[in-house]
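My plan was to begin with the overall make-up and then to go on to single residues.

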Amino acid sequence: MLASIDPSALIEHRRYLYRYAIQQVRDAEAADDLVQDTLLAALESGGRFQGRSAFRTWLVGVLKHKIADRFRYRARAPVSLDALGDADWRDEGGTEVAERLIGAAPAAQEPANAEARRRFWEACQARLDRMPVQAARAFVMSDVLGHDSDQVCRSLGITAANLWTTLHRARRRLQAELAPLRPA
């Protein structure tokens, strides 16, 4: 068993680890973070490397665990409309979202209708909470925030066809569940 790992030995493998990570997560910033976490973990637990495999193979194993942890975390992370801050999208762009989903805005812009808007967005959040995380993220990024398809696909690591299907299903589900909120 090795007592410690020479940091320069880690640097030699950084590029390879980065290429591996970018293929898995399709996000340059996330890949860089994963590689940094891997190198740090290797330094901290270098005594665990027993030499039964090539050093690079061991590093890739550590990286695989970091990637799996990232996907597990993202799968559990809730999608919150409140996390978007109190931007004007609920009154301006949010009205367009509501019109696409239920055929009408939840309420006009007057202060007297603020309660109706609040109820609509609470109902929308409740439905997003029950939706698969990937579908909820795709819907929020595309329909609420207005990101283009390429941005959403890159961020979620999915194809354009997968995005289209995911959005279609999410919109249909939200339309069906929010239909009772449609004004008479």
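The entries below follow the order in which I looked things up.

**Ground rules.** I noted that this is a predicted model, in which local features need pLDDT of at least 70 and side-chain atom pairs count only at pLDDT 80 or more, while totals for chains, interfaces and linings use all residues. I also noted that residues are numbered from 1 along each chain as its sequence is written, and that side-chain values use heavy atoms, with hydrogens and water left out.

**Overall make-up.** I looked up the secondary structure and found 8 helices and 0 strands, where helices (H or I, at least four residues) and strands (E, at least two) are DSSP runs numbered from the N terminus. Read along the sequence, the pattern is α-α-α-α-α-α-α-α. Of the 184 residues in the protein, 37% are buried; buried means under 20% relative accessible area, exposed over 50%, and partly exposed in between, with a 1.4 Å probe and protein chains only. I then turned to contacts (heavy atoms within 4.5 Å), and found that among those between residues at least 6 apart in sequence, 68% join residues at least 24 apart.

**The cores.** I recalled that in soluble globular proteins, nonpolar side chains tend to be buried together. The term nonpolar core stands here for a set of buried Ala, Val, Leu, Ile, Met, Phe, Trp, Tyr and Cys residues joined through side-chain atoms within 4.5 Å. The largest such core has 22 residues, and those with the most contacts inside it are Leu-128, Met-131, Phe-139 and Leu-163. At least two residues of this core come from each of helix H5 (114–130), helix H6 (133–144), helix H7 (149–156) and helix H8 (160–178), and H6 gives the most, with 7 residues. Apart from this core lies another, of 20 residues, among them Leu-10, Leu-34, Val-35 and Trp-58.

**H6 against H8.** Two packed helices are described by the angle between their axes and the distance between the axes. Axes are lines fitted to C-alpha atoms, for helices over the stretch in contact, and angles run from 0 to 180 degrees between N-to-C directions. The axes of H6 and H8 come within 9 Å and cross at roughly 90°. H6 and H8 are therefore roughly perpendicular to each other, given that angles of 65 to 115 degrees count as roughly perpendicular, under 35 as roughly parallel, over 145 as roughly antiparallel and the rest as oblique. On the H6 side I listed Gln-134, Ala-135, Ala-138, Phe-139, Ser-142 and Asp-143, which meet Leu-163, Thr-166, Leu-167, Ala-170, Arg-171 and Leu-174 in H8.

**Residues at this pairing.** Thr-166 has its place in helix H8 and is buried, with a relative accessible area of 12%. Not counting residues up to four places away in sequence, Thr-166 touches Gln-134, Ala-135 and Ala-138. Asp-143, in helix H6, is also buried, at a relative accessible area of 9%. The side chain of Asp-143 makes a polar contact with that of Ser-142 (3.2 Å); a polar contact is a pair of N or O atoms within 3.5 Å, where within protein one must be able to donate a hydrogen and the other to accept it, and residues adjacent in sequence count only if both atoms are side-chain atoms. From Asp-143 to Leu-167 I noted 24 residues in sequence and 8.8 Å in space, C-alpha to C-alpha. Ala-136, found in helix H6, counts as buried at 1% relative accessibility, and its C-alpha lies 8.7 Å from that of Leu-167, 31 residues apart in sequence.

**Thr-38.** In helix H2 (residues 28–44) I looked up Thr-38, which is buried, with a relative accessible area of 0%. A polar atom of the Thr-38 side chain lies 2.8 Å from the backbone oxygen of Leu-34. Leaving aside neighbours within four places in sequence, Thr-38 is in contact with Leu-17, Leu-59, Val-62, Leu-63 and Lys-66.

**Cysteines.** How many disulfides does the structure hold? I found 0 disulfides, a disulfide being a pair of cysteine sulfur atoms within 2.5 Å. Cys-124 is buried, with a relative accessible area of 0%, and Cys-153 is buried at 10%.
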